[in-house]
Amino acid sequence: MTTNGHTVTDEEIITCRDVHKWYGNFHALRGVTTSVKKGEVVVIIGPSGSGKSTFIRCINRLEQHQRGDITVDGIELTNDVRNIDAIRRDVGMVFQSFNLFPHLTVMNNITLAPIKVRHLPAKEAEDIAMELLERVGIPEQSDKYPAQLSGGQQQRVAIARALAMQPNIMLFDEPTSALDPEMIKEVLEVMRELAESQMTILAVSHELGFAREVADRIVMFDEGIIVEDQPPDEFFNNPRHERVKHFLSQIL
Amino acid sequence: MAADTTQNAAAQVLPPPRTEVGVIGWMHANLFSSRLNSALTVVSSALLLVILWYGLRWIFWSADWTVVERVGGLFLIGSYNTELACPGQNCFWRPQVSLLLVTALLGMIWGIMGGGVAKRIAILAAVVAALFAFLPYSLDDMGWDVRFLLLANLPSTALGWAVARYTPLGQPRWAVAWGVAVFLITLVLQRGLPNVPGLQPVSVVYWGGLTLNLILAVGGISLSLPIGIALALGRRSNLPVVKLLCVVFIEVFRGVPLITLLFMSQTLVPLAFPENFPQNSLFRAAVVITLFSSAYMAENIRGGLQALHPGQAEAARALGLPGWQTTLLISLPQAIRNVIPAIVGQFIALFKDTSLVYIIGMVDIVEIGRVFISRPEYLASAREMFVFLAVVFWVFCYGMSYVSRHIERNLGVGER
C-alpha cells in the first residue's frame, strides 16, 4: 500500500484496545481503539484538552493508562520496568518545549543516551551524532549549548537526539507549537524527510498543510475518544463527523 | 492625506550623547540622576569620609596591636604545642607539615585548572605562609627549623603544580583523592600514633585555634553536601518509609538550635555507649555540625530539584535512561548549579558556626581571643582583638564566595 509517497506495510507496530486514562476524577481517555502500521505516518489533531497528547504519552508510558491494552513493537505495556525501558529505547519522542538538557552541549545531548543506555563507544556515538546533525542541517552547532541556538535549531537537535537511539517509531508532541513561523518550516522539512525514510510517525500537530501532504491518516480526538480517522483527502473534503467540520472551520 | 512617516534615506547610526557615556555618563546615571539621588550622594559621601577618617586614625594611630602579636601562634594551633599537650617535645612541626600538604594540593589544583582563580589562591596561600617565616617576633619559640618549614610552602606549591602539569596525575579525580588523603593524614598527624617516636598522641582536647575551625569546617563542608543530596533525594522518593525518615531527620535537625545539639552531643550521646568505649568529643562535635548543615543543605538542593522543568526528566526517561541515571546525569547537575549561591551560603554559615564549639569547652580561634582579653594586661585591647578575628573570618568567607562566583561564571556557559 502506498500513500503520500511512502510504503506502509501490513504489520501493526502499535495496537491500542479500549484505552482509558483518568487524572484524578477527570476521564482523559475514554476508550481509544486504534492501530498504526509499520511505516505509517499518522497526524493527530483535536481541540485542547481532547486527550491527544495524553494518548501519545501513553505509548511510551510517560503516562500510565488504567484500563485497556497497548502493544508497541510486540511488547505489551505493563508495569514491568524492563518492558518500559525496552519500549523507550525503541520509541523516540520530541516535545513541544524541546526539553534539551541545558547543561550539556548539543553533541553531548545527542550522545548521552547511546553511550549510557546502548553502551556504544564514545567515538561511534559521536560519529552517529555528527551524521544526524548533518541530516537535520546543523552540523556546525555541535559544540554549542542549547541556549545558544534558535528555537528551530533546538527542535532539530531534539529530533537528532531521539533518532540517535535508532528508534522504530517517532512520537511528536506538538513539535512546532512553540516556534516562530519561519522556524516551523525548517522543523517540518526535517519531519517530512523522516517520513520519506519509512519511519513510523505519530505526530500531534496543528500544521494542516503538513498533515495533508505527508500523513497517511489524520486522526481527530475529541473529549477523550477518536471521532474521525481518515486519509487526508477524505478528512478535509468529506468529513463524516459534525465535530470535525466545526473544528476545521475554527482553525482554517 | 495622512502624513508620510516613512524615510527614504537609510537610518543613520549616531554616537550616544556625551552625558550617556564615560565617567560623566556613569556619574550622571548612578549618582546624580535625580534631586533625591544627588542629596543622598552628598550625604553618604560626607558620612563615608567621617567614618574613614576616624576608622583609619584608630587603626594606624590609637589602636594597640601588641595583643595580636602576643597571642601569635596560639591563634593558629591553640594549646596544641604546650608542655601539657605535647610533653617533652616540640609538636609545632605537625600542623606545619599539614600546611605543606595543603599548599601542595592548592598547587596541584592550579596545575589542573591552568591559571585563573586557582592560580591566585595557590600563590596567595603560599606567599602568606612563607611570609610568616619573616615575622620579627616569635611564633611560639619559632626556631630556624620552623621558619624553614614555613618557607618550604613555596617549593611545595611548585611541586604540586609540576606534578599536575607533567605527570598523568594532573586530573581532577586525583586532586580529589589527594584532598581526601591530605585531610586524613592531617587528622592522623595531629592526633599522633602510639608507640611511634616523634608522633606521640595528643588528646583532641588540646586541639585548637584556626586549625580546629578549619578541620571542623573542611570535614563538615565536604560531607554535608553528599549527605544533603542523599536526604533531598530521599525526601522526594516514592518509598514512604525512606521519605518519612528523611523528613523526620531534616525537620529535627533544622528545628533544634546548633548550640543545643552540641550540648546534647557531649552530655547525652556518651550515655548511649558503654563506659569504657573510646570517646572523642571532637568527633562528636564534628558529626553534629555536619548533620546540622546537611539538613539545611538538603532543603537547598530540594529547592533546586523542584525548580527543574518536569520535561527534563521526561525527556531523559523517554530516551530510555533508567531513573537513577536520570537523577544523576540530568536532574542533579542542573539542580545543584541552580542553587550554588544557597549552597555556598550554607558553607559560609557552617564555617562561622564552627566557633560555637567554645560552648562545649573547645578552644577555637575566637575563644583564644576571648581568653586573652580577659587577662588584666589586655583588658583594654578587646576592640583590637575582635577586629583582628573579624578580618580572619572575613578572609576565609570572602574566599569561598569569590571561588563560588567564578565557578558560577564558568558553569554558566550557555545558560538561559
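The model is predicted: local features require pLDDT of at least 70, side-chain atom pairs count only at pLDDT 80 or more, and totals for chains, interfaces and linings use all residues. Residues are numbered from 1 along each chain as its sequence is written, with chains lettered from A and ligands numbered from 1 in the order in which they are written.

**Exercise 1.** Determine how helices α10 and α11 of chain B are oriented to each other.

*Solution.* Helices are DSSP runs of H or I with at least four residues, and strands are runs of E with at least two, numbered from the N terminus. Axes are lines fitted to C-alpha atoms, for helices over the stretch in contact, with angles from 0 to 180 degrees between N-to-C directions. The axes of α10(B) (209–235) and α11(B) (240–255) come within 7 Å and cross at roughly 130 degrees. Angles under 35 degrees count as roughly parallel, over 145 as roughly antiparallel, 65 to 115 as roughly perpendicular and the rest as oblique. The two helices are therefore oblique to each other.

**Exercise 2.** Describe the sheet of chain A that contains β5 and β11.

*Solution.* Strands pair if DSSP finds at least two bridges between them. The open sheet has six strands with mixed pairing, in the order β8-β9-β10-β5-β11-β12. Its edge strands are β8 (91–94) and β12 (225–230), each pairing on one side only. From one strand to the next, the twist averages 20 degrees. Within the sheet, β5 (41–45) and β11 (217–222) of chain A run parallel and are joined by four bridges; Ile45(A) has Met220(A) in β11(A) as its bridge partner.
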